[in-house]
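Here is a short tour for anyone who likes to think in atoms and distances. Have the viewer ready and follow along.

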Amino acid sequence: MSAWFEASLDHQVGEFRLQIDLFLEREIGVLFGPSGSGKSLTLRLLAGLDTPKRGQVHLGGRQLLEVPGGIIQPPRQRRIGLVFQQLALFPHLNALENVAYGLSGSRRYDIAREWLARVDLKGMDQRYPAQLSGGQKQRVALARALAPEPDLLLLDEPFNTLDSPLRRSLRRELKRLHRETGVPLLYVTHYIEDVCSMGGRIFFLKDGQLTGNINVDQLWNTSSQVGAWHALGWGNLLHGEVCRREGGTWFVWGEGALELPASVQIMGPVSVFIPPNHVKILYQDIPVDPQLVPNVMHGRVVERVSIGSTTSLYVAAAGLQWQLEFPIKSYDRLDLKEGADVRIAVRPGSISLLEHDRGGSEYENTNTAPG
Amino acid sequence: MKQALIISLKVLAVDMPLLFLLGTAIGWILAKKRFKGREILSLLVLLPVALPPSVLGLYLLMFIGHVPFLKHLGLLFSFPAAALAALVPALPIMIQAARSGFASVPEELEDAARTLGDGEWRVFRRVTLLLSRRSLVAGLALASARTLGDFGITLMIAGNIPGRTQTLPLYIFSQMEALEFAKANLAAALLVVVGIVSLALVKRMEEGRYERLV
């Protein structure tokens, strides 16, 4: 009953410990977590670019790794494609040569040309990476990784540097390629929109530990505000409704409301995501930024956890438990011990709208790049 | 002068491949490998730049003259000694150029090649070497000029024997001693041209980083 892809990794780099178990059928998996949670390292270990202290990797009936046990297949034998965060296109090769890189045989350039056509880059054969736009480079990188027909494709936040309309179209393209090729994907991201729109199975990674996995559909389970997400995830996922009142656009839930940017067009039930580092704590004696005024909430510190250089604070406010994150030295002047009263606020622009009725398409106003 | 020119060219013909192979290999190890003693090795290979030629010549002389096997090869004061003498001070130039060239190739590109099915040798050949070829050519041009120009070490271990070990720089020295300024000047002009050409090549290589060589 083993899955198409199964991995169990245990690795240590300095103080950082990574422990993760993953499994996928021929589907899309999303590895979600904040920066520094070990996502990229996980991909390097899977691709064979680093070797974990202990671990096993099975893929398509092949054993790629067994440590201890002495099985360490080098990257070239793993049939795992990797799209790098910085893409890593070969600057000395043109688009066609880049895509043909992992291919062999006399037809390699024909196959590469077909792949370029598949990612809408017909006629771009002779362009060098420096002559391609950001989106075109992404497509070359995707085609290059898929052309050798890998058994698994890993993507390391590949669309990070692009603006949101382009990200959206590339995500659609990626899903189409997944449907056409049947190659399972493991997509690493810290963007909530990626999670919602790539769909499939979501693995939550935090501080090197896997906190759990759910299917994307469970994300929209509105029966409880403190649902699967809160137990597993990172960040604040809220379910509620968008409505207009007092001349503004508001996101409203049971016991609270937040003003949204004026650009929000939709109405009705939505979920919103607020990264924990975008929830601000207010000082008592300093005037509040006018933008924040409508979105101030009074709450109480429930839990304070400091790991490394970051403090996580859990605050009960407006009927919810909020997750906050800030550098450990911040807010030294405030006595943020458990049980203390605090005022917290969220900038309208920091709120991402996720529309669950349509399975997570996103809106222009989203602005969630944390840190 | 013809004799000296031929010997100099023969030295160059022997040393250029050696410079390229040794310089590339050591430069690659220093740029890409992490091991104990790496820092010491990188200082050691640079030592010929910092030491006076006479000191290097003295040590090479003692080394070749005393090590049992080398002693009986009859290397000293022969053409092989001239080739070795010219190689020693030029090698660090090639190693440094290769090292910085290889270090400037992003590791991610090499990793990408690995995930696309390349073994280590193919990664080197298809990515690392191609992306650092301009540094290598520039390094080889400078190192070759240095090879042609060696004087002190050659004099110490190969001597100044016309027709056997007398290279162009030594020829200039001999002609100066004999007050044959015209001959000395001619040979000197030749070496100046070589120097300028190699510098021009270096500049050309530095202009484009990733473009093809021609």
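This is a predicted model: local features need pLDDT of at least 70, side-chain atom pairs count only at pLDDT 80 or more; totals for chains, interfaces and linings use all residues.

## A charged residue to start from

The side chain of A:Arg44 forms a salt bridge with that of A:Asp50, at 2.8 Å from N to O. A:Asp50 counts as partly exposed too, because its relative accessibility is 27%, and the cut-offs for that class are 20% and 50%.

A:Arg44 has another partner, B:Asp111, and their side chains meet in a salt bridge of 2.9 Å, N to O. A:Arg44 sits in helix H1 (residues 39-47) of chain A and B:Asp111 in helix H6 (residues 107-115) of chain B, so this pair joins two chains. Is B:Asp111 buried or exposed? B:Asp111 is buried, as its relative accessible area is 4%, and buried means under 20%.

## The wider network

Which residues are linked to A:Arg44 in a network of salt bridges? The network takes in A:Arg44, A:Asp50, B:Asp111, B:Arg114 and B:Glu120. Side chains of opposite charge can pair when their charged atoms come close. Over all chains, the structure holds 26 salt bridges.

## Where the chains meet

Now step back to the interface as a whole. Chain A brings 23 residues to the contact and chain B brings 19 residues. The area buried between chain A and chain B is about 1,800 Å², and carbon and sulfur atoms give 62% of it. On the chain A side, A:Arg76, A:His92 and A:Tyr101 lose the most area to chain B, together 37% of what that side buries.

How many salt bridges does the rule find across the interface of chain A and chain B? The rule finds one salt bridge there. B:Asp111 and A:Arg44, described above, are a pair that joins the two chains.

## Chain B as a whole

Chain B is built with eleven helices and zero strands. Read from the N terminus on, its elements run α-α-α-α-α-α-α-α-α-α-α. The C-alpha trace of chain B spans about 65 × 45 × 25 Å along its principal axes.

Chain B has 214 residues, of which 43% count as buried. Among its contacts with a separation of 6 or more, 73% come from residues 24 or more positions apart. The accessible surface of chain B comes to about 11,100 Å², with 71% of it belonging to carbon and sulfur atoms. As for charge, chain B has 22 positive and 14 negative side chains, and the centres of these two sets lie 5 Å apart.

## A pair within one helix

Back in chain A, another salt bridge is worth a look. The side chains of A:Arg113 and A:Asp110 meet at 3.5 Å, N to O. Why are A:Arg113 and A:Asp110 separated by about one helical turn? They are three residues apart in helix H4 (residues 108-118) of chain A, so about one helical turn separates them.

A:Arg113 is partly exposed, with a relative accessible area of 39%. A:Asp110 is also partly exposed, with a relative accessible area of 36%.

## Two loops in chain A

A:Arg26 is found in the loop between strand E2 (16-24) and strand E3 (28-32) of chain A. At 41% relative accessibility, A:Arg26 counts as partly exposed. Leaving out residues up to four places away in sequence, A:Arg26 touches A:Trp4, A:His178, A:Gly182, A:Val183 and A:Pro184. A:Arg26 and A:Asp151 are 125 residues apart in sequence, yet their C-alpha atoms are 8.9 Å apart in space.

The other loop lies between strand E16 (279-282) and strand E17 (296-307) of chain A, and it holds A:Pro290. Is A:Pro290 buried or exposed? A:Pro290 is exposed, because its relative accessible area is 68%, and exposed means over 50%. Along the chain, A:Pro290 and A:Arg347 are 57 residues apart, while 9.9 Å separates their C-alpha atoms.

Key: Residues are numbered from 1 along each chain as its sequence is written. Chains are lettered from A and ligands numbered from 1 in the order in which they are written. Side-chain values use heavy atoms; hydrogens and water are left out. Helices (H or I, at least four residues) and strands (E, at least two) are DSSP runs, numbered from the N terminus. Buried means under 20% relative accessible area, exposed over 50%, partly exposed in between (1.4 Å probe, protein chains only). Contact means heavy atoms within 4.5 Å. Accessible areas come from the Shrake-Rupley method with a 1.4 Å probe; for residues, only the protein chains shown count as cover. Lys and Arg count as positive and Asp and Glu as negative; His and the chain ends are not counted. The place of a charge is taken as NZ of Lys, CZ of Arg, CG of Asp or CD of Glu. Buried area is the accessible area (1.4 Å probe) that two parts lose on being put together, summed over both. A salt bridge is a side-chain nitrogen of Lys or Arg within 4 Å of a carboxyl oxygen of Asp or Glu.
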